[in-house]
Amino acid sequence: MASVAAKANPYFPAAPSSNSHFYPSPNFTHKNLIKIPFSSDPPSTRLISVRSNNPNLDSIKMDQAASGLGSVPGNPIHTNASSSSSASIDFLTLCHRLKTTKRKGWINHDIKGPESIADHMYRMALMALIADDLPGVNRERCIKIALVHDIAEAIVGDITPSDGVPKEEKSRREQAALNEMCEVLGGGMRAEEIQELWQEYENNSSLEANLVKDFDKVEMILQALEYETEHGKVLDEFFLSTAGKFQTEIGKRWAAEVTSRRNSRLANRQC
């Protein structure tokens with residue numbers, strides 16, 4: 001669908017700071033613009049836009065040996081494949097922001113070199129992979145939910161309670177961003193699946209969502225324990241904010257294990 005220019009990447013017009021959000025290039029053009037207020041600048045509103053600019057597909061030849069269809073300019077199969085590839089790479093390029101945007105909770109506590117949004121989601125996916133089987137729970141779906149649950153933060157950034165954004169407004173911003181991202185992807189079955197998985201997590205509407213919600217909290221307190229150990233800090237608020245909020249037996253057991261290790265460490269420090 002869309003293509004990334006060779007000389008300039010429209011999704012990254014400048015080198016942002018480690019905690020900055022997605023800023024569109026002035027060259028962005030798209031028939032649909034959505035307004036998403038950024039959490040780092042509560043009073044202001046920025047325009048988020050996505051450019052769709054397909055190359056001239058007629059100028060690209062098919063590989064006759066590989067396809068067996070001949071080098072026919074404008075061949076529908078070739079055109080669709082090229083468009084799909086372009087949209088996929090545009091979507092993945094936008095998702096690069098998940099790898100570079102640092103989680104704000106750690107920035108607020110002056111953690112040097114904190115994890116990114118993608119770091120957080122990846123370990124959650126690993127949790128889903130290694131967790132014990134649960135009756136009625138689809139492991140593959142848990143992994144998928146973990147991989148997309150914070151995907152909208154590629155545009156809106158990591159909105160935390162310290163930003164003072166109401167839950168409903170946070171959800172609205174993220175839904176608008178997700179819609180934009182799925183448009184970049186070109187719509188279709190995969191985009192619909194991403195939307196469905198995100199909504200399932202957002203609404204906590206399935207056993208899989210319950211479990212991944214627990215993984216989200218377990219991953220956070222495990223990371224907090226690791227930062228306490230590495231940086232000599234005390235990060236009580238992350239443990240207090242999650243206490244008693246785990247929905248599944250796996251979540252409760254894993255959280256208890258993390259908390260037990262933390263308590264042992266704190267006790268040893270006082271000796």
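The legends below describe close-up views of a predicted model.

**View 1. The largest pocket and its lining residues.** The space in the largest pocket comes to about 1,100 Å³. Its lining is made up of 32 residues, and Ile159, Thr160, Pro161, Lys170 and Asp216 lie nearest the centre. Sorted by class, the lining of the largest pocket holds 14 charged, 9 polar and 9 nonpolar residues.

**View 2. Helices around the largest pocket.** At least two lining residues come from each of helix H3 (104-108), helix H7 (167-185), helix H8 (188-203), helix H9 (207-231) and helix H10 (236-242).

**View 3. The second largest pocket.** This pocket has a volume of about 410 Å³. It is lined by 18 residues, with Phe91, Leu147, Val148, Ile151 and Ile194 closest to its centre. Helix H2 (76-100), helix H4 (117-130), helix H5 (139-148) and H8 each give at least two residues to the lining. H2 provides the largest share, 6 residues. The lining of the second largest pocket has 13 nonpolar residues, 4 charged and 1 polar.

**View 4. Asp110 in the loop between H3 and H4.** Most residues other than glycine have a negative phi. Asp110 is not a glycine, yet its phi is positive, at about 60°. The residue counts as exposed because its relative accessibility is 52%, and the cut-off for exposed is over 50%.

**View 5. Asn204 in the loop between H8 and H9.** Asn204, also not a glycine, has a positive phi of about 50°. With a relative accessible area of 29%, Asn204 is partly exposed.

Notes: Residues are numbered from 1 along each chain as its sequence is written. This is a predicted model: local features need pLDDT of at least 70, side-chain atom pairs count only at pLDDT 80 or more; totals for chains, interfaces and linings use all residues. Side-chain values use heavy atoms; hydrogens and water are left out. On a 1 Å grid over the protein atoms alone, a cavity is a set of points where a 1.4 Å probe fits but cannot get out, and a pocket is an open set with protein on both sides within 12 Å along at least five of seven lines; lining residues have an atom within 4 Å of a point. Grid points are joined across faces, edges and corners, and a volume is the space filled by probe spheres set on the points. Helices (H or I, at least four residues) and strands (E, at least two) are DSSP runs, numbered from the N terminus. Ala, Val, Leu, Ile, Met, Phe, Trp, Tyr, Cys and Pro count as nonpolar, Asp, Glu, Lys and Arg as charged, and the others, Gly among them, as polar. Buried means under 20% relative accessible area, exposed over 50%, partly exposed in between (1.4 Å probe, protein chains only).
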